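Let's walk through this one together, starting from the inside and working out to where its parts meet. Keep the viewer open as you read.

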Amino acid sequence: MEVKAPGVLKLLGEHASVYGRLAIAIAADRYARVDARKTGVSPFRLILKDFNGLEVELDKRKLGELYDSYKNKKDIAGYADGPHGISAPMLPYATIAARLAIEQGVSLEGMSATVTSDIPMQSGMASSGACCVAFTVALLRAGKKRLPDVLTVDIARDGDRVVHRNLNAGTIDVNTSYYGGYVSYSAASGAKREDAAARLDLLVVDTGPKKSTAETVGHVAELREQNKERIETVLDKIHECSMKGLDCLKGNDIPTLGACMYMDHELLRELEVSSKGLDNAVSIAREYGAYGAKLSGGGGGGIAIVLNSDGVKRARLIDRYQHSGFKVYTVNTALEGAYNYFPR
Ligand code: MEV
């Protein structure tokens, strides 16, 4: 059976979340899909359709070896680099499969799992997080096993930890893809599902190459070192945008949510994490009467998100972005995440 898990966009609160403030993420209706089924052919077979059908077979011994070398995962980069004989695109999935089989006793013998995704890669839409969520849930479903949500998310995050070589990876992305809808995050309360049913009509505007998130996060840290008071004030204002934006989502007040996005973008500019292309994308959105727009994610290039107003302006706006050489994706909120595959 096939399990799909949505992509994820950062809606509000980037960078401020690094300093304890609130951030909001949204599940977007582009999907990673995993078809897992018992075929009677053992051992466990893993197929990556988007990598020319790359295929590997993992028997119980191999899964045991992987699990043993991953479980003391203090040195995540050391683990990712091997020696394990598994290719880089396969390793996140093999790591998840090993934990499910060895630690959780999920029966993978005779199972094959095929991974594919409609989420553009490296686009700021959390394609790796969504693939890891779809994979974890698909293996649990096919293995007829259910685990607590928090544990399921943690196992899916193992895949994202391997992809990003970072033990803290995946908190927002994996939780949001798993639960769907809207997820808030702060250091104090962790990731939390938010009960909001607003469906947002968004454009994702890809303005081209971006700086690494480590670089833009580092830049904000430097600015804060130089002028703590000023930067703390900006971070507080971003937090207010996130709080107000969350109220708007719950109350379905889309125009005010858009105003929070424009405001947030200006604050991110003060943190010097925007770029010419991102500012241009946001100006065009204003010019065409979109409700809101802002950079999304780490910034320094990459994607802006635009909250559309009505249908006519929307088509013209898409045209305009394409004429400016930007790639544009239309997305809506995915209110259901992979979580919904388990009966509630
Ligand atoms: C990047 O997608 C979001 C940042 O806030 C970094 C983070 O929260 O880890 C810039």
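Start at Leu 9: setting aside neighbours within four places in sequence, its contacts (heavy atoms within 4.5 Å) include Ala 25, Ile 26, Gly 124, Met 125, Leu 202, Val 204, Ile 303 and Val 331. Keep in mind that this is a predicted model, where local features need pLDDT of at least 70 and side-chain atom pairs count only at pLDDT 80 or more, while totals for chains, interfaces and linings use all residues. Residues are numbered from 1 along each chain as its sequence is written, and side-chain values use heavy atoms, with hydrogens and water left out.

Leu 9 is also one of the residues with the most contacts inside the largest nonpolar core, along with Leu 11, Phe 44, Phe 135, Leu 139 and Leu 200; that core has 80 residues. A nonpolar core here is a set of buried Ala, Val, Leu, Ile, Met, Phe, Trp, Tyr and Cys residues joined through side-chain atoms within 4.5 Å, and buried means under 20% relative accessible area, with exposed over 50% and partly exposed in between (1.4 Å probe, protein chains only). Helix α4 (residues 127–142) gives this core its largest share, 11 residues; helices are DSSP runs of H or I with at least four residues, strands are runs of E with at least two, and both are numbered from the N terminus. Domain 1 (2–196) and domain 2 (201–332) both contribute residues, so the core lies between them. The domain bounds come from an automatic or database domain assignment. Apart from this core sits another, of 30 residues, with Leu 235, Leu 268, Leu 271 and Ala 290 among them.

Now for the two domains themselves. Their centres, taken over C-alpha atoms, are 27 Å apart, and the contact takes 27 residues from domain 1 and 37 residues from domain 2. About 2600 Å² is buried between them, 67% of it from carbon and sulfur atoms; buried area is the accessible area (1.4 Å probe) that two parts lose on being put together, summed over both. On the domain 1 side, His 15, Tyr 19 and Arg 21 lose the most area to domain 2, together 26% of what that side buries.

There's charge here too: four salt bridges are counted between the domains, a salt bridge being a side-chain nitrogen of Lys or Arg within 4 Å of a carboxyl oxygen of Asp or Glu. Take a look at Lys 294 and Glu 14, which form a salt bridge with their closest N and O atoms 2.8 Å apart.
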